[in-house]
Amino acid sequence: MSVPEACRCMGLRDKSPLTRALCGLKYPSHAMQMLGKAIHAGVASVIVGWLDSQGLLPRWLTYASACSGIDTFAEAVDVHRPGGMWKYVHAAELRAEPLNIIGSAWAVPRARLLTDAADTASAPPCDLYMLSPDCHDFSKRRHGRDGKTVAAGAVETWNVSPFVAAGRAAVVVIENVDETDGADAITTVVASYPMYSWQSQQLGAEEHAGVPVRRDRRFWVGVRHERRIDSILARIAEVMNDGELPHAAAASLCGKLQFTLSWAFGRLGRACMQPLF
């Protein structure tokens with residue numbers, strides 16, 4: 001399989017800046033290896049599309065990432081924000097080759113290409129942030145996993161997420177393998193970030209992007225509270241101005257409120273939503 005064919009399999013467009021950057025590598029095997037560790041761009045597009053449908057992303061978007069390899073998630077952002085309607089403000093990646101590919105593909109300034117995620121604590125804020133902690137210890141291929149693995153994974157996730165801990169992203173997407181150990185580790189960490197409302201779901205390229213590729217991952221989406229509140233208030237204001245609540249608007253409003261209340265103890269507040277159903 002050639003590099004362009006592998007890019008297509010991962011949901012990248014033929015004319016994508018990321019495809020061009022990968023095809024320009026001296027060693028095609030390096031491109032294939034990095035693609036093998038990437039998120040399917042079709043799944044990423046489902047997430048960005050859902051965030052747009054909930055009114056959680058501005059039309060002109062700032063984006064950043066950490067530990068995301070060549071960051072195929074950025075491909076989805078570029079699809080949903082064509083014509084330069086977004087900006088890649090910074091990226092953190094330990095390995096030099098994928099970091100250089102990000103810089104080349106998306107014109108990220110050299111000063112904003114960071115080799116340590118710990119340096120992101122004071123990095124410029126953004127609207128959407130992608131984080132993909134190392135999943136090696138949680139892989140199905142690794143036997144002998146235990147409580148120590150979960151604890152170590154939680155520490156690793158904490159160490160690479162100072163940008164999230166500082167609340168500098170309006171919306172955060174975290175990705176990892178859909179294994180119990182990894183999910184427990186990341187869920188433990190995100191619960192310590194009270195400025196966000198969190199929701200997680202397993203997504204796969206075959207089921208959610210219509211691609212015959214078995215590549216299931218778990219994603220956590222965190223929305224900073226003021227962004228969620230502003231979105232809900234804007235939708236309520238539209239309803240009040242129109243003087244009516246169409247079925248589609250009611251469904252959208254319910255979705256926003258359910259996301260907000262998803263982590264509330266005892267389904268607190270669900271009773272107030274009954275008139276919307």
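Which residue forms a salt bridge with aspartate 52?

1. In this predicted model, the partner of aspartate 52 is arginine 81, and their closest N and O atoms are 2.6 Å apart. Aspartate 52 is partly exposed, at 26% relative accessible area, whereas arginine 81 is buried, at 2%.

2. The structure holds six salt bridges. Another of them joins arginine 13 to aspartate 78, with 2.6 Å between the closest N and O atoms. This pair links distant parts of the chain, as arginine 13 is in the loop between α1 and α2 and aspartate 78 is in helix α5, 65 residues apart. Arginine 13 is partly exposed, with 32% relative accessibility; aspartate 78 is buried, with a relative accessible area of 15%.

3. Helix α5 covers residues 73-80 and is largely enclosed by the rest of the structure, because six of its eight residues are buried. Among the buried residues of α5 are Phe73, Val77 and Asp78.

4. Histidine 40 is placed in the loop between α3 and α4. This residue is buried, with a relative accessible area of 4%, and its side chain reaches the backbone oxygen of cysteine 9 at 2.9 Å.

5. Alanine 91 belongs to strand β2, residues 86-92, and is buried at 1% relative accessible area. Leaving aside neighbours within four places in sequence, its contacts include Ser65, Leu99 and Arg112.

Technical notes
Residues numbered from 1 in each chain as written. Predicted model: local features only at pLDDT ≥ 70, side-chain atom pairs only at ≥ 80, totals over all residues. Heavy atoms only, no water. Helix = DSSP H or I, 4+ residues; strand = E, 2+ residues; numbered from the N terminus. Buried < 20%, exposed > 50% of the residue type's maximum accessible area, 1.4 Å probe, protein only. Contact = heavy atoms within 4.5 Å. Polar contact = N/O pair within 3.5 Å; in protein donor to acceptor, adjacent residues only side chain to side chain. Salt bridge = Lys/Arg side-chain N within 4 Å of Asp/Glu carboxyl O.
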